[in-house]
Amino acid sequence: MSIDIKSVTTSRLKMYFNDQELSLGTGFFYEDEGKYYLITNWHNVTGRKPDTLKPLNKNAAIPNRIVLSLNVKDKLGSWVEAII
């Protein structure tokens, strides 16, 4: 079985407050003039509900760190984690 290249266009995101994992999400990258941008949903980076602006976390924790799972170049199906 082979891996379809389209299945690895998104990256898994783990949102944290310090060392506490808050949630999981996805994102993808956009390149413009040699710069790369992470595109994801607003609630992933803010930790808030878009309609009420209230925190998603029951303890009102807001993400201050995101761990990305990135594809390893030329090794389809292999991942490495990066922190932003």
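Asn 18 is partly exposed, with a relative accessible area of 44%; partly exposed lies between buried, under 20% relative accessible area, and exposed, over 50%, with a 1.4 Å probe and protein chains only. Asn 18 sits in the loop between strand S1 (11–17) and S2. Its phi is near 55 degrees, a positive value in a residue other than glycine. Most residues other than glycine have a negative phi. Strands, like helices, are DSSP runs numbered from the N terminus (strands E, at least two residues; helices H or I, at least four).

Glu 33 also has a phi near 55 degrees, positive in a residue other than glycine. Glu 33 belongs to the loop between S2 and S3, in a hairpin with two residues between the strands. At 76% relative accessibility, Glu 33 counts as exposed.

## Basis of the model

This is a predicted model, in which local features need pLDDT of at least 70 and side-chain atom pairs count only at pLDDT 80 or more, while totals for chains, interfaces and linings use all residues. Residues are numbered from 1 along each chain as its sequence is written, and side-chain values use heavy atoms, with hydrogens and water left out.

## Overall layout

The chain has one helix and five strands, in the sequence pattern β-β-β-α-β-β. Its C-alpha atoms fill a box of roughly 40 × 30 × 20 Å along the principal axes. Of the 84 residues, 21% are buried. The accessible surface is about 6,400 Å², and 54% of this belongs to carbon and sulfur atoms; the areas come from the Shrake-Rupley method with a 1.4 Å probe, and for residues only the protein chains shown count as cover.

Among contacts between residues at least 6 apart in sequence, 36% join residues at least 24 apart. A contact here means heavy atoms within 4.5 Å.

## The sheet

The five strands form an open sheet in the order S3-S2-S1-S4-S5, with antiparallel pairing. S3 and S5 stand at the edges with a single partner strand each, so one side of each is left without a neighbour in the sheet. Neighbouring strands are turned by 35 degrees against each other on average, direction ignored; the axes are lines fitted to C-alpha atoms, for helices over the stretch in contact, and angles run from 0 to 180 degrees between N-to-C directions.

Two strands are taken as paired if DSSP finds at least two bridges between them. S2 and S3 run antiparallel and are joined by six bridges, with Phe 28 partnered by Ile 39 in S3. Strand S4 (residues 65–71) pairs with S5 in the antiparallel sense over five bridges, and the bridge partner of Leu 70 in S5 is Val 80.

## Salt bridges

The structure holds three salt bridges, each defined as a side-chain nitrogen of Lys or Arg within 4 Å of a carboxyl oxygen of Asp or Glu. Arg 12 and Glu 81 meet in one of them, at 3.5 Å from N to O. Arg 12 lies in strand S1 and Glu 81 in strand S5, so the pair ties together parts that are 69 residues apart in sequence. Glu 81 also bridges to Lys 14 at 3.5 Å, a link between strands S5 and S1 across 67 residues. Lys 14 is buried at 17% relative accessible area, whereas Arg 12 is partly exposed at 40% and Glu 81 is partly exposed at 46%.

Asp 19 forms a salt bridge with Arg 65, with the closest N and O atoms 3.6 Å apart. This pair joins the loop between S1 and S2 to strand S4, 46 residues apart. Asp 19 is exposed, at 71%, and Arg 65 is partly exposed, at 21%.

Phe 28, Tyr 30, Tyr 37 and Ile 39 make a nonpolar surface patch of about 380 Å². Patches are made of residues with over 30% relative accessible area and no salt bridge, like charges being joined within 9 Å and nonpolar side chains (Val, Leu, Ile, Met, Phe, Trp, Tyr) within 5 Å. Strands S2 (20–32) and S3 (35–40) each supply at least two residues of the patch. Ile 39, in strand S3, is partly exposed at 35%.

Trp 79 is in strand S5 (residues 79–83) and is partly exposed, at 41% relative accessibility. Leaving aside residues up to four places away in sequence, Trp 79 touches Val 8, Thr 10, Ser 69, Leu 70, Asn 71 and Val 72. The C-alpha atoms of Trp 79 and Lys 58 are separated by 31 Å, with the two residues 21 apart along the chain.
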